[in-house]
Amino acid sequence: MPFPRASQALSRFTVLDLTRIRSGPTAVRQFADWGANVIKIDALSDDAGSEQPGGPRQGSDFQNLHRNKRAMTLNLKDPRGLAVFKRLVEKADVVVENFRPDVKTRLGIDYESLKAINPGIVYGSISGFGQDGPYHKRPGFDQIAQGMGGLMSITGAPGEGPMRVGIPVADLTAGLFCALGVLTALLERDVSGQGQWVQTSLLQAQIFMLDFQAARWLMEQDVPKQAGNNHPTSIPTGVFKTSDGYINIATTGGKIWERCAQAIGAPELITHPDYATGPARSKNRVALNAAISACTEKRTTEEWVSDLNAAGVPCGPIYSVDQMFADAQVKHLGLAQDVPNDQNRKITLVAQPFTLSRTPSHMAARPPEVGEQTEELLAEFGFGAEEIAELRRGKVV
């Protein structure tokens, strides 16, 4: 049965979505938004109106994570439900799950079990700490990964204690890395004809995202510290007060620093011995920031953004979320997109952050209700009307 596709880019792939909460749905959203046939498998006990870990089904969070999918219910704890799932796997390309590592084996839906049915299946797993090892059975949550992954130790103002980041960055990046891994495995399958198991975790993703901060320790044994709004190495880079708010200014290298000093009307800072070199500016960052703020406080944020950009100095306002979506460039990029739906509900969600010239992504369908397309999907996988009715009577679907 035809259904709305968000794109044609990944339309040849069928993805079975066993994920919940955030990291897993973030991974699967990449496939749904680029046109894959994504089938969200809801546990039979799920209730569309109940409070769930990701919030209510028609709440903003759930809607943003699960658009462009179809859904069916299935009781995987029932042997008949497991048999149904294995029939789906025979024709699928991808399975994505973020159960605790032991759950999928207990249910009989682990990679090795599904590989025996479909050797080409690409199986994506996200866990808190990895599929094995001393912590693999621990429950994983974003803030725990932010702490154990080193991020909270370098976030926040010096001396004020560890600080979490304002978004679930470990969840989100683990989901994106899982999607990247699955796509890599699908590309490799074109050569080998074989699927494989893609594994990532919140902890791995968070450590990878430390990037140069992690490399500072690995290469130089330098333990990064909290720097607040200051960049740890490029000075001056940070938040500066204006007459009506704040502004971000970022200088990288001597030339941009000189442009900055000229633009704020303080050319004397260029030759000042405390600020003449990068190491000197880093050592004397507190005094330098104070000198810059004394200048920026004299004019509005809008005036400084205009003048500093004209001078070739990277800068920008610091928006609240509502101000961000009102920005002219954000509107131009189309990052807020309406979702068509037959319920006349106002659904506006965050669009994909990259574009393709021939096969763009768009909001094709609202997130499904629990099991909304169960019969439709089972029929597409070859189940007859009487089979489906029997599964209904047996409370398997």
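Lys 346 and Asp 338 join their side chains in a salt bridge, with 3.2 Å from N to O. Lys 346 is exposed, its relative accessible area being 69%. The model is a predicted one, and it holds 22 salt bridges. Its largest nonpolar core has 30 residues, and another core, of 25 residues, lies apart from that one.

**Salt bridges**

- Arg 393 pairs with Glu 386 in a salt bridge whose closest N and O atoms are 2.6 Å apart.
- Arg 393 has 52% relative accessibility and therefore counts as exposed, the cut-off being over 50%.
- Glu 386 likewise counts as exposed, at 52% relative accessibility.
- Arg 80 forms a salt bridge with Asp 78, and the closest N and O atoms are 2.8 Å apart.
- On the Arg 80 side of this pair the residue is partly exposed, at 42% relative accessibility, whereas Asp 78 is buried, with a relative accessible area of 14%.
- As background, side chains of opposite charge can pair when their charged atoms come close.

**Nonpolar cores**

- Within the largest nonpolar core, of 30 residues, those with the most contacts inside it are Leu 16, Ile 41, Leu 74, Phe 85 and Val 95.
- Two or more residues of this core come from each of strand E2 (37-42), helix H3 (79-91), helix H4 (101-107), helix H5 (111-117), helix H17 (374-380) and helix H18 (385-393).
- H3 gives the largest share of this core, five residues.
- Leu 74 touches Ile 41, Asp 42, Ala 43, Leu 44, Gly 81, Val 84, Phe 85, Val 396 and Val 397, leaving aside residues up to four places away in sequence.
- The other core, which lies apart from the largest one, has 25 residues, among them Phe 13, Ala 170, Ala 174 and Cys 178.

**Helix H9 and what follows**

- Helix H9 spans residues 212-220, and its residues Gln 213, Ala 214 and Arg 216 are buried.
- Viewed down the axis of H9, the buried residues fall within an arc of 150°, so they line one face of the helix.
- These buried residues of H9 pack against helix H8 (202-210).
- Leu 218 and Met 219 are exposed residues carried on the face of H9 turned away from its buried side.
- Gln 221 follows H9 and has a positive phi, near 55°.
- Ser 234 lies in the loop between H9 and strand E7 (237-241).
- Ser 234 has 19% relative accessibility and counts as buried because the cut-off is under 20%.
- Thr 251 and Thr 252 are touched by Ser 234, when residues up to four places away in sequence are not counted.

**Surface patch**

- A nonpolar patch on the surface is formed by Tyr 135, Phe 141, Ile 144 and Met 148, which together have about 390 Å² of accessible area.
- Ile 144, one of the patch residues, is found in helix H6 (residues 142-148).
- At 42% relative accessibility, Ile 144 counts as partly exposed.

Note on methods:
Residues are numbered from 1 along each chain as its sequence is written. This is a predicted model: local features need pLDDT of at least 70, side-chain atom pairs count only at pLDDT 80 or more; totals for chains, interfaces and linings use all residues. Side-chain values use heavy atoms; hydrogens and water are left out. Buried means under 20% relative accessible area, exposed over 50%, partly exposed in between (1.4 Å probe, protein chains only). Helices (H or I, at least four residues) and strands (E, at least two) are DSSP runs, numbered from the N terminus. The arc is that of the directions from the helix axis to the C-beta atoms. Contact means heavy atoms within 4.5 Å. Patches are made of residues with over 30% relative accessible area and no salt bridge: like charges are joined within 9 Å, nonpolar side chains (Val, Leu, Ile, Met, Phe, Trp, Tyr) within 5 Å. Accessible areas come from the Shrake-Rupley method with a 1.4 Å probe; for residues, only the protein chains shown count as cover. A salt bridge is a side-chain nitrogen of Lys or Arg within 4 Å of a carboxyl oxygen of Asp or Glu. A nonpolar core is a set of buried Ala, Val, Leu, Ile, Met, Phe, Trp, Tyr and Cys residues joined through side-chain atoms within 4.5 Å.
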